[in-house]
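Please read it alongside the sequence and the coordinates.

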Amino acid sequence: MDKILEGLVSSSHPLPLKRVIVRKVVESAEHWLDEAQCEAMFDLTTRLILEGQDPFQRQVGHQVLEAYARYHRPEFESFFNKTFVLGLLQQGYHSLDRKDVAILDYIHNGLKLIMSCPSVLDLFSLLQVEVLRMVCERPEPQLCARLSDLLTDFVQCIPKGKLSITFCQQLVRTIGHFQCVSTQEKELREYVSQVTKVSNLLQNIWKAEPSTLLPSLQEVFASISSTDTSFEPSVALASLVQHIPLQMITVLIRSLTTDPNVKDASMTQALCRMIDWLSWPLAQHVDTWVIALLKGLAAVQKFTILIDVTLLKIELVFNRLWFPLVRPGALAVLSHMLLSFQHSPEAFHLIIPYIVNLVHSFKSDGLPSSTAFLVQLTELIHCMMYHYSGFPDLYEPILEAIKDFPKPSEEKIKLILNQSAWTSQSNSLASCLSRLSGKSETGKTGLINLGNTCYMNSIIQALFMATDFRRQVLSLNLHGCNSLMKKLQHLFAFLAHTQREAYAPRVFFEASRPPWFTPRSQQDCSEYLRFLLDRLHEEEKILKVQSSHKPSESLGCNETSLQEIANKAAVLTESPCTSDGEKTLIEKMFGGKLRTHICCLNCRSTSQKVEAFTDLSLAFCPSSSIENLSFQDPASSPNTQDGGLMQADIPGPSEEPGVYNPAKAAFVCDSAMNERMLGSPSDEFCYTENTCVPSESSRILVNKDVPQKPGGGSTPSVTDLLNYFLAPEILTGDNQYYCENCASLQNAEKTMQITEEPEYLILTLLRFSYDQKYHVRRKILDNVSLPLVLELPVKRTTSFSSLSESWSIDVDFIDSSENLAKKLKPSGTEETCCSRLVPYLLSSVVVHSGISSESGHYYSYARNITGTESSYQMCHPSETLALASSQSHLLGRNSPGAVTEQDLENKEMSKEWFLFNDSRVTFTSFQSVQKITSRFPKDTAYVLLYKKQNGTNSLSGNSSTSGLWVNGDPPLQKELMDAITKDNKLYLQEQELNARARALQAASASCSFRPNGFDDNDPPGSCGPTGGGGGGGFNTVGRLVF
């Protein structure tokens, strides 16, 4: 029978005769045939279907195959087996390529014929794998549409489980590669039909397996947000939008706009391509999603993206108004884009040249739909011309074109503008606007956390609130200089004059970050402060040398050899700086002098040296509460580094401390002195033979290896720690002193005296100790009372010979592990001292929240104190906290009477203190500062800044005669003022847009907004939801899709 049929279809007989004979062949299918005859017939019909030369042959093949397969099902099941189908899909059929749509049609029909046979299950399993492979090969729209037809009829062939998610993602990618090069209407309609079939298949899979929806949408966004210029995703992806449930729009848009992993460039691309989707004829809800994304971006204040996309796409959106199928969606998007773009007429003016032609065209066709459209467009145009008045030459032709259409009232125009803008000035939004008024409430600006940069933010705010230092920095003439001081000046200027609630100090962070600090990880704020001050100090010395080398040029010139400048700076370093004019700004503001005496208890000879410091590191008095931490005082432990106690990467007891690069002006620490040095001391010391510091009956000799705690069991104060720092120490045992006079190790008494006080006294509480037992760093959580007024004992020296004091950056850290006595050289000079108490007022407190130096959070308390105010003007003497009675005589007088917390609360100004917690700045009180550790045990004072109180301003010589300089910050240079003015204008626009966007979001969303920050019930310390300086700013559960 197969030979008859084959000869018939290839013969030249008339077509009607052929049809009659074919009918007879079909009817003969009811008769019995052996297996070989059936297989021969199946082979012939398959060949006719797949390789038929004309439609008649292919039609005959389908008719005969269907008839014989129905009556000879077992034989067809044996023929249409797994191996045969796999061969068709992977190798094709004879000359027919495997990607030909005819093969898929043949398999589709074959599945229908054996649907009731058991072997169909094997075919389903095979096809689940093969269809995934086919989709990964990015089939053309026609083949993909045929595959969708097959999978729609036989859902059993759709991959299951995890493969189902993969299949959907690959199908999305395939749609993204669709292209239609034809411009003929027939081909375009066919193309749209094919895409619709594929998108309907995805919709069916999403409904059957909801777990595939979100991964599919992730793939959609990945495609449209790609910044790869070699690939442009197809507009056909718009066909998927109509299948996304609208109830998901809020959570999806919020997840997308708040995901920190989505870069601005990717978001811009995605939004532009979504706007391009407006041209897809059958897609629904594209405008809804585009507008939702625009609002979502406004809600998170990504105005740069909104401005860029609006200016880039506004003309394209307007052009879509010409096409009836997409006109409603295009008008909705156009209206939102124009009405929300209220800070500039630029977007509206881009479409002005096209309005008149569009209006005339739609007026002439006379269709009701065109008239209704023009009414809506006219209302939009009137709103924009009202908002951006003052361009009569541009608007007159438009007004003439739309004069026949109704003009909305002024009240309606205002309502439309207020409802549609990114921000709102409505009185009803007062609660929303108050969230933006942090700057106006406190008058202070926060610093944005750039990723665990709270250690920098807290230090910068403390320095900024050091009023005299800030004014000196702002008054410097650094024009043309690109130094770190210039960047600090720029930062201070913005903190003082910006209208922003918080400023992002990215430039200063990159310039001031120590090279060994790992980006985006928590660091030690004290170590950062030391590095910063040293950098500023050394940089100014180099610039002074450079200025003297080329006096006619500005300080910023870079033509002088760096080596030459460094050599001259080294020469400068070796010479003493005695005159204020020769000192750097850091020396003037933070530099002090510390003299160390060591008296041999055998021969009574004395050695001494004077060193410069910028901060004092105060160790805790040994007690049972810290013995468990294996704490050793730095002054008595030669292997313990003062600075190392506060560094994030501390060397172990047996490790050799690192040597920092002098070119980077790193800081120096002398553990034997337990104070911070800005440079290394000179090698020349005073040595008085057979002379010792006069012994006073009231002097207390302390062996700092013996645990003790001043003041009994009461809370120690900063005064106690300072007393402990300055208390005489007996050097015995392993810590004996090598006496040059005795030429042997001897017991000795070591005393330290401050001989020159700084304008700003920086005190660092050594809270991080090294546990030698467990080889970890622990934090000492003991509470410390902070005196509002601190009296610093200063013993001024009237004469010194053979004493050289210097600031140096070339210091070998290894020397710090040697016996102090080996560094002391004899001299033959005596001196006379004059003791006095210098009053200091507490200016700022940097708090560390956490239990480790490698984690936690920093924030600071600060207030404004000027150098011209006396301590009695700023604070009543009775407010000076009492010193421990057992230690008070070290300061040379009896301690003043203690005051109660209620007295402090009553006398402290309610809004004198500020709390700086990254971006957030709030009012607080000194009582809150004192109680912070008792309320939140992990929040402890770490770095303190005290301001010396003088009768006259020691820096008055640099003051301007203008009232602005006396009563406030100095006037800014033009370059700085222009930059701040420009940024303030931008911020005013952003604030207006942001306020309305928040109002719109608050009205449409059910969630409430609670700003981060400090209140009476929550600790102010936080670097994010994890509270330890790590983690993101958003809950990952809410990040559902993008």
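**Overall fold**

Among contacts in the protein chain between residues at least 6 apart in sequence, 79% join residues at least 24 apart. The model is predicted. The protein chain contains 37 helices and 21 strands. Of its 1042 residues, 53% are buried.

**Nonpolar cores**

- In soluble globular proteins, nonpolar side chains tend to be buried together.
- The largest nonpolar core has 147 residues, and the members that touch the most others are Phe80, Tyr106, Ile107, Leu111, Phe348 and Leu377.
- Once neighbours within four places in sequence are set aside, Tyr106 is in contact with Thr46, Ile49, Leu50, Leu65, Phe79, Phe80, Phe84 and Leu88.

**Helix packing**

- Two packed helices are described by the angle between their axes and the distance between the axes.
- Helix 16 (residues 303-319) packs with helix 18 (residues 346-365) at an angle of about 15°, and their axes are 9 Å apart.
- Helix 16 is therefore roughly parallel to helix 18, since angles under 35 degrees count as roughly parallel.
- The crossing of helix 16 and helix 18 is right-handed.
- On the helix 16 side the meeting residues are Thr310, Leu311, Ile314, Glu315 and Phe318, and on the helix 18 side they are Glu346, Ala347, Leu350, Ile351, Tyr354, Ile355 and Leu358.
- Helix 9 and helix 11 (residues 185-208) have axes that come within 8 Å and cross at roughly 40°.
- That angle makes helix 9 oblique to helix 11.
- Helix 9 and helix 11 cross in a left-handed sense.
- Helix 9 contributes Pro141, Gln142, Cys144, Ala145, Ser148, Asp149, Leu151 and Thr152 to the contact, and helix 11 contributes Tyr191, Gln194, Lys197, Val198, Leu201 and Asn204.

**Cysteines**

- A disulfide is a covalent bond between the sulfur atoms of two cysteines.
- The structure has zero disulfides.
- Cys525 has a relative accessible area of 0%, so it is buried.

**Positive phi in loops**

- Arg138 has a phi near 55°, which is a positive value in a residue other than glycine.
- Arg138 sits in the loop between helix 8 (120-136) and helix 9 (141-153).
- The relative accessibility of Arg138 is 24%, so Arg138 counts as partly exposed.
- Arg604 has a phi near 65°, again a positive value in a residue other than glycine.
- The loop that holds Arg604 runs between strand 3 (592-600) and strand 4 (606-613).
- Arg604 also counts as partly exposed, because its relative accessibility is 34%.

**Strand 3**

- Thr596 is a residue of strand 3.
- Is Thr596 buried or exposed? Its relative accessible area is 3%, so Thr596 is buried.
- Thr596 and Val610 are separated by 14 residues in sequence, and their C-alpha atoms are 6.4 Å apart in space.

Conventions. Residues numbered from 1 in each chain as written. Predicted model: local features only at pLDDT ≥ 70, side-chain atom pairs only at ≥ 80, totals over all residues. Heavy atoms only, no water. Disulfide = S-S within 2.5 Å. Buried < 20%, exposed > 50% of the residue type's maximum accessible area, 1.4 Å probe, protein only. Core = buried A, V, L, I, M, F, W, Y, C linked by side-chain atoms within 4.5 Å. Contact = heavy atoms within 4.5 Å. Axes fitted to C-alpha atoms, helices over the stretch in contact; angles between N-to-C directions. Helix = DSSP H or I, 4+ residues; strand = E, 2+ residues; numbered from the N terminus. Parallel < 35°, antiparallel > 145°, perpendicular 65-115°, else oblique. Left-handed = near helix turned anticlockwise from the far one by under 90°.
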